Amino acid sequence: PQGIGSPSVYHAVIVIFLEFFAWGLLTAPTLVVLHETFPKHTFLMNGLIQGVKGLLSFLSAPLIGALSDVWGRKSFLLLTVFFTCAPIPLMKISPWWYFAVISVSGVFAVTFSVVFAYVADITQEHERSMAYGLVSATFAASLVTSPAIGAYLGRAYGDSLVVVLATAIALLDICFILVAVPESLPEKMRPASWGAPISWEQADPFASLKKVGQDSIVLLICITVFLSYLPEAGQYSSFFLYLRQIMGFSSESVAAFIAVLGILSIIAQTIVLSLLMRSIGNKNTILLGLGFQILQLAWYGFGSEPWMMWAAGAVAAMSSITFPAVSALVSRTADADQQGVVQGMITGIRGLCNGLGPALYGFIFFIFHVELNELPMPESSSGGSVVAQYHLQQNSIIPGPPFLFGACSVLLALLVALFIPEHTNLNVRSSNWKKHCGSHGHPHSPQAPGEAKEPLLQDTNV
């Protein structure tokens, strides 16, 4: 196969690192351009842009996964990275086109899915958890370092240099795929011809969700995931903008916040999660994670000072243990031949939340008129840098209404999770399991979108 050496996990790791490093550099410039482009309804437009992108990713992921089973992984790695990074140079050329292309790029914003399939092609089942963990750690490492670097370069040399650097890294990623990445899916594993039919069953993004109501325990787990991840998805889409524009964080402070939160989340999802699972059990770990998430969202909602955001961020890192604990519960309690179906349902619900959450948060910000009271002041005559004075609305009792709504949603999730038994056998009727294995349980199948945060426990052995 074309490429350098044999297919390996390190090829996939480099692809992921370069793509998300490029986007991480643009964290601070994107927040500035977003407010300059949509000064009156910043949060609403941000929610719509991210919501459309997430929904398109959810709809397209199964089809791209099925096509990559036919045409190979390398071509779809190239396709997804190219279209995901295509908006980057448009930031300085035309901000309107930049945000429009970001929305449409959601159709191909499933690089993680293809990377997971690539890893599954080249690893044995007992090695897969470690390989997914390496990919997950690489993703976290890229986002821990790049926003701080981008903020520093933007402050020292201007945002144009940051955009050029991000574009160059994206092009380097594309060249790396073209030149160095070998194809992981052997010809003998593919259908006999390129014209092999793709069934609607394989491409249907709602296929996994149709089985949710067939088992009461699965229904409880899926409702818990939906109610807890919907506010989390909305929070990820708007929180850094909220820090920058409403709480008055500088670009460097936002970058430092991302770094600290990322490091604490990695610790929480590895060391703390493993200690809790052994000491208090699986279900209690889920309940504890949901409790931390309620506290975190309430703190974000009522917090009016920067130190409150930092304190709530530490709690947010602890709340990140919820979904890995849910995945572990499903993996332990589902029968061997039901793993793909049940994991597919949870994955599908999270993908759907990635589309609905940002739009919901943007709409709530819009309803409560959470916008800036004052725009940045012009450059001072003494030659100093631009000084921005940000103030919360003085008549607002709740500074962050969407976060309080999210806390109520997670409280409902906690009440539902109380009824999930600690030990049970999940029995999902799966007459079409053989069909579904191509899109949910097949070892070469990519996951649905939105799994970039905790892919480690998607493997059925964990």
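1. Trp-97 is exposed, with a relative accessible area of 57%; exposed denotes over 50% relative accessible area, buried under 20%, and partly exposed in between (1.4 Å probe, protein chains only). Trp-97 belongs to helix H6, where helices (H or I, at least four residues) and strands (E, at least two) are DSSP runs numbered from the N terminus. Between the C-alpha atoms of Trp-97 and Pro-87 there are 7.9 Å, the two residues being 10 apart in sequence.

2. The model is predicted: local features need pLDDT of at least 70 and side-chain atom pairs count only at pLDDT 80 or more, whereas totals for chains, interfaces and linings use all residues. Residues are numbered from 1 along each chain as its sequence is written, and side-chain values use heavy atoms, with hydrogens and water left out.

3. As to the chain overall, its secondary structure consists of 18 helices and zero strands. Of its 462 residues, 57% are classed as buried. Contact here means heavy atoms within 4.5 Å; among contacts in the chain with a separation of 6 or more, 85% involve residues 24 or more positions apart.

4. How are the residues of H6 arranged around its axis? In H6 (residues 95–104), Tyr-98, Phe-99, Ile-102 and Ser-103 are buried. They cover an arc of only 130 degrees around the axis, and therefore lie on the same side of H6; the arc is that of the directions from the helix axis to the C-beta atoms. An α-helix has 3.6 residues a turn, so residues three or four places apart point the same way. Trp-96, Trp-97 and Val-104 are exposed on the other side of H6.

5. The buried residues of H6 pack against helix H1 (9–25), helix H2 (27–37), helix H3 (42–71) and helix H5 (90–93). The axes of H3 and H6 come within 7 Å and cross at roughly 30 degrees, which makes H3 roughly parallel to H6. In this contact, H3 contributes Ile-49, Val-52, Lys-53 and Leu-56, and H6 contributes Phe-99, Ile-102, Ser-103 and Val-104. Axes are lines fitted to C-alpha atoms, for helices over the stretch in contact, and angles run from 0 to 180 degrees between N-to-C directions. Angles under 35 degrees count as roughly parallel, over 145 as roughly antiparallel, 65 to 115 as roughly perpendicular and the rest as oblique.

6. A further helix pair is formed by H1 and helix H4 (residues 73–85), whose axes come within 11 Å and cross at roughly 10 degrees. H1 and H4 are therefore roughly parallel to each other. Val-15, Glu-19 and Trp-23 of H1 meet Leu-77, Val-81, Thr-84 and Cys-85 of H4.

7. Phe-83 also lies in H4, and is partly exposed at 31% relative accessibility. Apart from neighbours within four places in sequence, Phe-83 is in contact with Ser-105 and Phe-108. Its C-alpha atom is separated by 10.0 Å from that of Thr-111, 28 residues away along the chain.

8. Which residues does Ser-146 touch? Not counting residues up to four places away in sequence, Ser-146 touches Phe-20, Phe-21, Gly-24 and Leu-25. Ser-146 is located in helix H8 (residues 125–157) and is buried, with a relative accessible area of 0%.

9. Val-162, in helix H9 (residues 159–179), is buried, with a relative accessible area of 1%. With residues up to four places away in sequence set aside, Val-162 touches Leu-25, Leu-26, Pro-29, Gly-150, Leu-153 and Gly-154. The C-alpha atoms of Val-162 and Leu-25 are 6.7 Å apart, although 137 residues separate them along the chain.

10. Ala-28 is found in helix H2 and counts as buried at 10% relative accessibility. Beyond residues up to four places away in sequence, Ala-28 touches Ala-151 and Ser-251. Ala-28 and Ala-148 are 120 residues apart along the chain, with 8.8 Å between their C-alpha atoms.

11. The largest nonpolar core holds 115 residues, of which Leu-26, Ile-221, Phe-239, Tyr-242, Leu-243 and Met-309 touch the most other members. Helix H11 (residues 216–245) gives the most to this core, with 14 residues. Domain 1 (1–185) and domain 2 (212–372 + 398–422) both give residues to the core, so it lies between them; the domain bounds come from an automatic or database domain assignment. A nonpolar core is a set of buried Ala, Val, Leu, Ile, Met, Phe, Trp, Tyr and Cys residues joined through side-chain atoms within 4.5 Å. Phe-239, leaving aside neighbours within four places in sequence, is in contact with Phe-257, Tyr-300, Met-309 and Phe-403.
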